[in-house]
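The following paragraphs guide the reader through the structure shown here. They turn to a single chain and then to its contact with a partner.

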Amino acid sequence: MTDRGKRVMDDIRAEEHQLLAARQGESDSATRSASLVIALGSAAALALMTLISIFVGRDTNRYVKQVREGGERLVRSNQELTEAVKALDSSNREKEVLLQEVHHRVKNKLQVITSMFSLQTRLETDSHTVDVLNEGQRRVRVMARLHEALYQSDDLSSIEASPYLEGLLADTEASIMVSPSERITFDLDVDDITFDARRATTIGQIFRELVSNCLKHAFPDRQPGKIEITLHRVNGDEIELVVSDDGRGLGEDFDFQNTGTLGMRMINALVAPLGGVVNIDGSDGTAVQVTLPENS
Amino acid sequence: MKKRILVVEDEPITAMEAELIVCDLGYELAGVAASDEDAVRQARDERPDVILMDISLNGKMDGREATAEILKFQNVPVVFVTAYGDKRESLSGNLTVPKGFGYVVKPYTSEELQNEIQRSCLTLSER
């Protein structure tokens, strides 16, 4: 080979080396770049995970704390509620005992009143006075019946009409029909009505006065007869008590508004404050109709 | 021989009426007691045939407890008198009442009290 050829070959080799070196440099640079990217990516991922775990951990701790505090509040509330229920139970028991005591005292005092009537009756010789005293005693017993019915009702303030009137009828019948030969029958028809205490008092007293009047005056000379008593809800919001008999009636000249009997005067006095109306028909037997608003 | 009745009642007016009813019926009044201890003492001393016992009494014992004490030494018919309207309420408690016990609710009529006393005396006669 000539010198010139040799030089050319050397130049070619040198150029080839340069090219190889350049390619090697490019390859190393790419490798470094890839490593850097991977490192940076890993670091970012690690940082992100750390941040996430910090935030998640912080939220979890806060949540656990909130749950624990909520639980403690619930326990405290439960304890307070338990204590409040105990206090209420205790208060209710006290009230029941007090109510029972009041009830007991009222009944005892009503007994004293009827005993006084009874003792006074023993000293009287005048039959009219004895009748008046007995009537007073019976009126006190109506109050006792009302009191008893209220005490035994579920809410201590209202009374079911039917058992109340049945009890009053039994009392009135037993106290006035002294002779079993008096053949008087009763027909009681009562709607499902509940009275408040005030209406129960009024209706009870009116009921007793009317039934008592029938028993004492409608059937003279122990004649047989029938007394019908109805209590119905009428016109949606009124209650109507009707006591009627097939006895001798009142006569055409009977003036209810100006009657002198205490019973009728009491009925007027009891009905008026409640906005009620009394109607009497004495032409064929006697029928007394009392209409009251059901509610105040 | 007249039956002897002990009246246990702490209300004087009510006791007075009961006394008169007992006498009206032809029975003998064994005594009137106004407290628990007095009731037990008079029952022990007088040995009545029937006791008219108010449930509510002055003293540590009520009428049921006083009756239980009396029944320890004498099997005697008792007519309970109570202002409570419910019989179970009046007679609840550990009380074994003898045959012939009666029960009257205040305010009672003279007739109601008479009937219960007579019923107890009748039961006593049938023993």
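**Chain A and its interface with chain B**

Of the 296 residues of chain A, 32% count as buried, that is, they have under 20% relative accessible area (1.4 Å probe, protein chains only). This is a predicted model, in which local features need pLDDT of at least 70, side-chain atom pairs count only at pLDDT 80 or more, and totals for chains, interfaces and linings use all residues. Residues are numbered from 1 along each chain as its sequence is written, chains are lettered from A and ligands numbered from 1 in the order in which they are written, and side-chain values use heavy atoms, with hydrogens and water left out.

Chain A contains five helices and seven strands; helices (H or I, at least four residues) and strands (E, at least two) are DSSP runs, numbered from the N terminus. Along the sequence their pattern is α-α-β-α-β-β-α-β-β-α-β-β.

Where chain B meets chain A, 21 residues of chain B are in contact with 20 residues of chain A, contact meaning heavy atoms within 4.5 Å. In chain B, the residues B:Ile13, B:Ala83 and B:Pro107 lose the most area to chain A, together 30% of what that side buries; buried area is the accessible area (1.4 Å probe) that two parts lose on being put together, summed over both. The two chains bury about 1,800 Å² between them, with 52% of it on carbon and sulfur atoms.

Three salt bridges are counted between chain B and chain A, each a side-chain nitrogen of Lys or Arg within 4 Å of a carboxyl oxygen of Asp or Glu. The side chains of A:Lys109 and B:Glu11 form a salt bridge, at 3.4 Å from N to O.

Note on methods:
Buried < 20%, exposed > 50% of the residue type's maximum accessible area, 1.4 Å probe, protein only.
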